[in-house]
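Trainee: May we examine this model together, beginning with its overall architecture and ending with individual residues?

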Amino acid sequence: MVLKIVHVLGATIIFGTGSGIAFFMLMAHRSRDASFVGRTARVVVLADMLFTATAVVLQPVTGYLLMRQTGASVTESWIAVSLGLYLVAGVFWLPVVWMQARMRDLALAAAGAGAPLPPEYHRLFRLWFLFGFPGFGAVLVIIVLMVAKPVLY
């Protein structure tokens, strides 16, 4: 029971932190205030490292241990699809972490110079925003699969 709770909490942290980070970055971006964007991105990067990264590392471990405990197999369709989607989420999340750190640095440099957010920041923000859809969508589908455990093929 404890293992299952830890696994569900991990999924909740990934989903919740992801949605919170997206909201705060979007609101800061909409302000167009380089200082506010820089301060927000500083906290976002920290939250991603403390919470999201920890949960991302623990999820496969707790998932594997749950499979052993319950006798489930990676050949079960919902588990196989979930693992594939986990890789998709990771492929989109890893560059997002770098983008957030770079946007933070660009915003703080602009704020220090009393300048507006530079074109590179805006280019990275557009990519960050686009990468969020497949990454976050994959996490959402994984949660549905974990709860429903459907036979997919």
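This is a predicted model: local features need pLDDT of at least 70, side-chain atom pairs count only at pLDDT 80 or more; totals for chains, interfaces and linings use all residues.

Trainee: In what order do the elements of the protein chain run from the N terminus on?

Mentor: Helices (H or I, at least four residues) and strands (E, at least two) are DSSP runs, numbered from the N terminus. The protein chain has four helices and zero strands. From the N terminus on, the order is α-α-α-α.

Trainee: What percentage of the residues in the protein chain is buried?

Mentor: The C-alpha trace spans about 60 × 30 × 20 Å along its principal axes. Buried means under 20% relative accessible area, exposed over 50%, and partly exposed in between (1.4 Å probe, protein chains only). Of the 153 residues in the protein chain, the buried share is 35%.

Trainee: Is helix 1 roughly parallel or roughly antiparallel to helix 2?

Mentor: Axes are lines fitted to C-alpha atoms, for helices over the stretch in contact, and angles run from 0 to 180 degrees between N-to-C directions. Helix 1 (residues 2-31) and helix 2 (residues 34-70) pack at about 160 degrees, with axes 8 Å apart. Angles under 35 degrees count as roughly parallel, over 145 as roughly antiparallel, 65 to 115 as roughly perpendicular and the rest as oblique. Helix 1 is therefore, relative to helix 2, roughly antiparallel.

Trainee: How many nonpolar residues are in the contact of helix 1 with helix 2?

Mentor: Helix 1 passes helix 2 in a left-handed crossing; a crossing is left-handed if the near helix is turned anticlockwise from the far one by less than a right angle, and right-handed if clockwise. Ala, Val, Leu, Ile, Met, Phe, Trp, Tyr, Cys and Pro count as nonpolar, Asp, Glu, Lys and Arg as charged, and the others, Gly among them, as polar. The contact has eleven polar and two charged residues, and its nonpolar residues number 20.

Trainee: What is the handedness of the crossing of helix 3 and helix 4?

Mentor: The axes of helix 3 and helix 4 come within 8 Å and cross at roughly 155 degrees, so helix 3 is roughly antiparallel to helix 4. Their contact has 26 nonpolar, three polar and two charged residues. The crossing is left-handed.

Trainee: With which side chain does the side chain of Thr52 make a polar contact?

Mentor: Thr52 lies in helix 2 and is buried, with a relative accessible area of 5%. Leaving aside neighbours within four places in sequence, Thr52 is in contact with Thr17, Ile21, Ala47 and Trp93. A polar contact is a pair of N or O atoms within 3.5 Å; within protein, one must be able to donate a hydrogen and the other to accept it, and residues adjacent in sequence count only if both atoms are side-chain atoms. At 2.8 Å, the partner of Thr52 is the side chain of Asp48.

Trainee: Is Gln100 buried or exposed?

Mentor: Gln100 is found in helix 3 (residues 77-113). Not counting residues up to four places away in sequence, Gln100 touches Ile21, Ala41, Val44, Val45, Asp48 and Trp128. Because its relative accessibility is 1%, Gln100 counts as buried.

Trainee: Where is Arg32, a residue with positive phi?

Mentor: Phi of Arg32 is near 60 degrees, a positive value in a residue other than glycine. At 54% relative accessibility, Arg32 counts as exposed. Its place is in the loop between helix 1 and helix 2.

Definitions and conventions
Residues are numbered from 1 along each chain as its sequence is written. Side-chain values use heavy atoms; hydrogens and water are left out. Contact means heavy atoms within 4.5 Å.
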